[in-house]
Structures are given as C-alpha cells and as structure tokens.
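Student: Pick one part of this model and take me through it closely. What is it made of, and what lies around it?

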Amino acid sequence: MREITGHRPGKILIAIVLISTICYVFVVPFVLQGKDILLFGWMPLAVFFWNLQTLLWAFAFWVYTTRHWPYR
C-alpha cells in the first residue's frame, strides 16, 4: 500500500476505487429505492451498476499496472 500511495498515479487509482465504492454504497441504493427495473428484459439495474463498477475497477487497475507500475 505504501508503494501505491507514494506516487501520483497510485493516489489517483485509490481515489477512483474509493469514489466508486462510496457511490455504490450510498448512491445506487438511493437511485434504486423501491424500483424494479430490468435491463434487456432480464438484468436488474443493481446488477448492471455492479458490472459497471467492476469494469471501472478492472480498467483502472489495468491502466495502473501497465503504465504506472513502480516495479517494472
């Protein structure tokens, strides 16, 4: 963890993960409150948001590990 927070790209990665986690915990339940919305006729909207968060994290980690990894 010290290596990630020791340089700017690592701090950006931690910020992306933290902001998306906060949004998923606090914003998504507020948006989905009392609604049953299906996407494509089978996928609940909560699952869509979970998949979107997972893709965001995967992309952020991929960029960090391929371009800004401190131990090449």
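Tutor: Start with how elements are named. Helices are DSSP runs of H or I with at least four residues, strands are runs of E with at least two, and both are numbered from the N terminus. The model is predicted, so it comes with limits: local features need pLDDT of at least 70, side-chain atom pairs count only at pLDDT 80 or more, and totals for chains, interfaces and linings use all residues. Residues are numbered from 1 along each chain as its sequence is written, and side-chain values use heavy atoms, with hydrogens and water left out.

Now the setting. The protein has three helices and two strands. From the N terminus on, their order is α-α-β-β-α. The C-alpha trace spans about 45 × 20 × 15 Å along its principal axes. The radius of gyration (over C-alpha atoms) is 16 Å, whereas a compact globule of 72 residues would have one near 11 Å. That globule rule is 2.2 Å times the number of residues to the power 0.38.

The part I pick is helix α3. Helix α3 covers residues 45-67. How far apart are its end C-alpha atoms? They are 33 Å apart. The expected span is 1.5 Å times one less than the number of residues.

Next, which residues of α3 are buried? They are L45, Q53, A60 and Y64. Buried means under 20% relative accessible area, exposed means over 50%, and partly exposed is in between (1.4 Å probe, protein chains only). Across the protein, 15% of the 72 residues count as buried. The buried residues of α3 pack against α1 (2-5), α2, β1 (38-39) and β2 (43-44). Let us follow three of those four residues.

Take Q53 first. Q53 sits in helix α3. Q53 counts as buried because its relative accessible area is 13%. Contact means heavy atoms within 4.5 Å. Q53 is then in contact with S20, T21 and Y24.

Now look back from S20. S20 belongs to helix α2. S20 is buried too, because its relative accessibility is 11%. S20 is in contact with Q53, L56 and W57. F26 is exposed because its relative accessible area is 60%.

L39 lies in strand β1. L39 is in contact with L45 and F48. L39 counts as partly exposed because its relative accessible area is 22%. Now compare L39 with T66. They are 27 residues apart along the chain, and their C-alpha atoms are separated by 33 Å.

F40 lies in the loop between β1 and β2. F40 is exposed because its relative accessible area is 68%. Most residues other than glycine have a negative phi. F40 is not a glycine, yet its phi is positive, about 60 degrees.

Finally, Y64. E3 is in helix α1. E3 touches Y64, P70 and Y71. E3 is partly exposed because its relative accessible area is 39%. The C-alpha atoms of E3 and W69 are separated by 9.3 Å, although these residues are 66 residues apart along the chain. H7 lies in the loop between α1 and α2. H7 is in contact with Y64, H68 and P70. H7 and H68 are 61 residues apart in sequence, but 9.3 Å apart in space, C-alpha to C-alpha.

The contact total covers the whole chain. Take contacts between residues at least 6 apart in sequence: 57% of them join residues at least 24 apart.

Q53 is in contact with S20, T21 and Y24.

Methods
Lists of a residue's contacts leave out its neighbours within four places in sequence.
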